[in-house]
Amino acid sequence: MGGAERVAVVTGGGRGIGAAISRRLAAEGHAVAVNYASGESAARTVVSEIVAAGGRAVAVRADVSDAVQAETLITEATRVLGPPTVLVNNAGMNLAGSARTQHPHEWDRVIGVNLSGAFYCAHAALPGMYDAGWGRIVFLSSPSGGRRPSPGMSAYSAAKAGLVGMTRSMAQEVARRGITVNAVMPGFVETDIIASGGENAAANLAAHWPRIPAESIAATVSFLVGEGGGHVSGEEVGVWLGGPVGV
């Protein structure tokens, strides 16, 4: 790729961890498509910040759980910025509930956004990466995906565990194409997903888990999508300081 500007797509890139990743990649010279499903104002604010700093960015609305919209996201990013060779699958959500009481449509929604959406975006972006002979795909997983599962999180845990399995399989598929595929496992970062657990969710987590700034997740993603991470693939990189402390 040399010194050419690379184009990155960050799903859920307007808030929380996604916003930190969007800003970091832009500061490092990427043109960034900031995806959002809702929260248009937040996404456009991130884009404005990037443009004001001299970068290129565009906000693109798409619900990645819909395969057609996921493909449109990649198409629109390509039209405005150029073919994406970096894809950060950060979009996520949770609807907590026990296996006994959770409605099937809630299960479908959580799996759709967190797991199927990540596949749809990768599926749409990979042809361009194959053409370029270079690419980076990063999935945002979670300790809930096998390391530290919690009750009431079956759908979310299943989705995040699925991302790890997909990471390892996909990495082998593209290993000879100049493309790497990795997962990043954030620890306790205060995000909308945490807030959805109720007003005491963040406080309860903070009592036992070390707080991780979103910028630390962005720094890890930056390494994986850069030249330094070119020989790292099929891995789940934890950014969580080992999990609960003081218990």
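**Ground rules.** Helices (H or I, at least four residues) and strands (E, at least two) are DSSP runs, numbered from the N terminus. I am working on a predicted model, where local features need pLDDT of at least 70, side-chain atom pairs count only at pLDDT 80 or more, and totals for chains, interfaces and linings use all residues. Residues are numbered from 1 along each chain as its sequence is written, and side-chain values use heavy atoms, with hydrogens and water left out.

**Entry: Pro127.** I looked for Pro127 and found it in helix H4. I then checked its exposure (buried is under 20% relative accessible area, exposed over 50%, partly exposed in between, with a 1.4 Å probe and protein chains only). Pro127 is partly exposed, with 47% relative accessibility. I also took a distance to Thr85, which is 42 residues away from Pro127 along the chain. Their C-alpha atoms are 9.7 Å apart.

**Entry: salt bridges.** Side chains of opposite charge can pair when their charged atoms come close. My rule for a salt bridge is a side-chain nitrogen of Lys or Arg within 4 Å of a carboxyl oxygen of Asp or Glu. How many salt bridges does this rule give? It gives eight.

- Glu40 pairs with Arg44, with 2.8 Å between the closest N and O atoms. Both sit in helix H2 (residues 40–52), four residues apart, or about one turn of the helix. Glu40 is partly exposed at 39% relative accessible area, and Arg44 is partly exposed at 41%.
- Arg79 pairs with Glu76 at 2.7 Å, N to O. The two are three residues apart in helix H3, about one helical turn. Arg79 is exposed at 61% relative accessibility, while Glu76 is partly exposed at 26%.
- Arg109 pairs with Asp63 at 3.1 Å, N to O. Arg109 is partly exposed, at 32% relative accessibility.

**Entry: cavity and pocket.** I searched a 1 Å grid over the protein atoms alone. A cavity is a set of points where a 1.4 Å probe fits but cannot get out. A pocket is an open set with protein on both sides within 12 Å along at least five of seven lines. Lining residues have an atom within 4 Å of a point. Grid points are joined across faces, edges and corners, and a volume is the space filled by probe spheres set on the points.

The structure has one cavity of 30 Å³ or more. The largest cavity holds about 60 Å³ of space. Which residues lie nearest its centre? They are Thr11, Asn89, Ala91, Val113 and Ala118, out of 13 lining residues. H4 and helix H5 (154–173) each supply at least two residues of this lining. H4 gives the largest share, five residues.

I sorted the linings by class: Ala, Val, Leu, Ile, Met, Phe, Trp, Tyr, Cys and Pro count as nonpolar, Asp, Glu, Lys and Arg as charged, and the others, Gly among them, as polar. The lining of the largest cavity has seven nonpolar, five polar and one charged residues.

The second largest pocket came next, with about 210 Å³ of space. Its lining includes Ala67, Glu71, Pro83, Tyr120 and His123. H3 and H4 each supply at least two of its lining residues. By class, this lining has seven nonpolar, four polar and one charged residues.

**Entry: Ser141.** Ser141 is in the loop between strand E5 (135–140) and H5. Is Ser141 buried or exposed? It is buried, at 4% relative accessible area. I checked for polar contacts (a pair of N or O atoms within 3.5 Å; within protein, one must be able to donate a hydrogen and the other to accept it, and residues adjacent in sequence count only if both atoms are side-chain atoms). The Ser141 side chain makes one with the side chain of Glu236, at 2.9 Å. I also listed contacts (heavy atoms within 4.5 Å). Leaving aside neighbours within four places in sequence, Ser141 is in contact with residues including Lys160, Leu163, Met185 and Glu236.

**Entry: Asn35.** Asn35 is in strand E2 (residues 31–36). Asn35 is buried, at 2% relative accessibility. A polar atom of the Asn35 side chain lies 3.1 Å from the backbone oxygen of Ala62. Not counting residues up to four places away in sequence, Asn35 touches Val10, Thr11, Val60, Ala62 and Leu73, among others.
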